[in-house]
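Hello,

Here is the structure I promised to send over. Please have a look at it first, and then read on for my notes.

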Amino acid sequence: MRKFVSDSFHLLFTVALPAVLLKPSDAAAHLVTTGMGPVFDGIGHLLLTPEDLVPALSVALYAGLRGRRPGRRALFFFPLAWFLGGVIGLFMEGQQVIPIPALSFLIIGILIAADLRLPTNWFTVLIVLVGLIHGFFNGLALKDGPGSLGLFGIMAILFVLVAVVSAFVVSMKPPWTRIAVRVTGSWVAAMGILMIGWFMRGQS
Amino acid sequence: MKQPAGYMNYLVWFLMLSVYLFWASSAQAHVEQGQAVGFVTGLEHPWSGLDHVLAMIAVGLWGAQLGNPAMWILPVTFPMVMSLGAMMGLLGIPLPGIEIGIAVSAILLGGMVLGEVRPKLVVAAVLVGFFAIFHGHAHGTELPAGQSGLLYSMGFVIATGCLHGIGITIGLVHRWPTGKLALRGAGAFIAVMGIYFLWQAVV
């Protein structure tokens, strides 16, 4: 009898444990929810959205290629422009009618691949524009989720990304490393061209 | 007494396995699907055809033979022009003789490596770019529907770049006399394979 009870408990345990472990989780809708609050949700949103992450990394790469001064400008202007665009997006309605991420990929990718030496002011205008536009669409997306605190998270992670990546590129001395960055830029531009194709096909 | 316990163990394992196998999966409403699949499919696609693989490695080999700046200009040119070809494929713009073009690319690029031909940089870039359109178009028309276009594109471009990288890395043996000979042998192999692909495409 005792053995039967023991085996029954054993059976119950081995069935109940997988049942608890495999219980279907809640359906997660659209926005990234980390469970750690809106700031981390914003960070998660940027890190898990390649449409935003790749242009942000590309801006950092280009800033690094351009040198210390543009790198410092990008460090502050880019996250601030992104945040400003996001705040505007929070209070507006809109929808993408042109493939913004694809154009960002293409333009920044070509600039990196060609190692084009834009004057610093032009460079600043470019990164502010990229930041404003991407931030605006982030604002629209985060309106019903983490909101302005999410944008703070995005701004913070952008600051870190730009600081780390551009400083890394600035510090690279061997000539082949600069070529590697340029090759990466060509890949980003190629992705942009393909994305335009997908967009024109009606599939993103 | 041992036998009932043994049966109980079997029963436990059977039930446990049943729970694992038959438990309903999570209802994933709204969560975007096909994202990882898109990237992996894109990453796999350029490796799926030997004709593509050999032609792209040949670009890297030739670049390594030519040295700087061709070593990196050719692999930069190829993915960008290839994506233009893929865009044509995506939009349904027809390109005649794709398979023949791909086969001829293997023959010519292999021939360039075999003969260690050193044309002007512009000529080399135009040649590589011209054939990249055929490779891109073939990929563009084969792109699967229902997956993330961006992630597919990322995987696709990265894989292509890696193939060039493999070619360049192999091509670094060019600095040694035996390596030079081996590279020319690799070029001959690629050209012969190109003839085989051409035969397959025509017959």
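A word on conventions. This is a predicted model, in which local features need pLDDT of at least 70 and side-chain atom pairs count only at pLDDT 80 or more, while totals for chains, interfaces and linings use all residues. Residues are numbered from 1 along each chain as its sequence is written, and chains are lettered from A and ligands numbered from 1 in the order in which they are written.

**The two chains**

Chain A contains 8 helices and 0 strands, and its elements run α-α-α-α-α-α-α-α from the N terminus. Chain B likewise has 8 helices and 0 strands. Helices and strands here are DSSP runs numbered from the N terminus (H or I over at least four residues for helices, E over at least two for strands).

Of the 204 residues in chain A, 42% are buried; in chain B, with 203 residues, the share is 46%. A residue counts as buried if 20 or more other C-beta atoms lie within 10 Å of its own, as exposed if 12 or fewer do, and as partly exposed in between, with C-beta atoms placed from the backbone.

Contacts reach across the sequence. In chain A, 87% of the contacts with a separation of 6 or more are between residues 24 or more positions apart. For chain B, 90% of the contacts between residues at least 6 apart join residues at least 24 apart. A contact means that the two C-beta atoms, placed from the backbone, lie within 7 Å.

In chain A, helix α3 (residues 50-66) and helix α4 (residues 68-90) pack at an angle of about 150 degrees, with their axes 7 Å apart. That angle makes α3(A) roughly antiparallel to α4(A). The residues that meet are A:V59, A:A60, A:A63, A:G64 and A:R66 from α3(A), and A:P70, A:G71, A:A74 and A:F78 from α4(A). By class, this contact has 6 nonpolar, 2 polar and 1 charged residues.

The axes are lines fitted to C-alpha atoms, for helices over the stretch in contact, and the angles run from 0 to 180 degrees between N-to-C directions. Angles under 35 degrees count as roughly parallel, over 145 as roughly antiparallel, 65 to 115 as roughly perpendicular, and the rest as oblique. For the classes, Ala, Val, Leu, Ile, Met, Phe, Trp, Tyr, Cys and Pro are nonpolar, Asp, Glu, Lys and Arg are charged, and the others, Gly among them, are polar.

In chain B, the axes of α3 (residues 50-66) and α4 (residues 70-90) come within 7 Å and cross at roughly 155 degrees, so α3(B) and α4(B) are also roughly antiparallel. The contact includes B:V59, B:W62 and B:L66 of α3(B) and B:M71, B:L74 and B:F78 of α4(B). It has 9 nonpolar, 2 polar and no charged residues. The loop between these two helices holds B:P69, and the peptide bond from B:N68 to B:P69 is cis, with omega near 0 degrees.

**Across the chains**

Helix α8 (residues 175-201) of chain A meets helix α7 (residues 149-171) of chain B, with axes that come within 9 Å and cross at roughly 140 degrees. The two are therefore oblique to each other. Among the residues in this contact are A:W187, A:L194 and A:W198 on one side and B:L150, B:V157 and B:I158 on the other. The contact divides into 11 nonpolar, 3 polar and no charged residues.

**Two loop residues to look at**

A:D115 has phi near 50 degrees, a positive value in a residue other than glycine. A:D115 sits in the loop between α5 (100-114) and α6 (120-142) of chain A, and counts as partly exposed, with 14 C-beta neighbours inside 10 Å.

In chain B, B:E116 also has phi near 50 degrees. Its place is the loop between α5 (98-115) and α6 (121-142), and B:E116 is partly exposed, with 14 other C-beta atoms within 10 Å.

Best wishes
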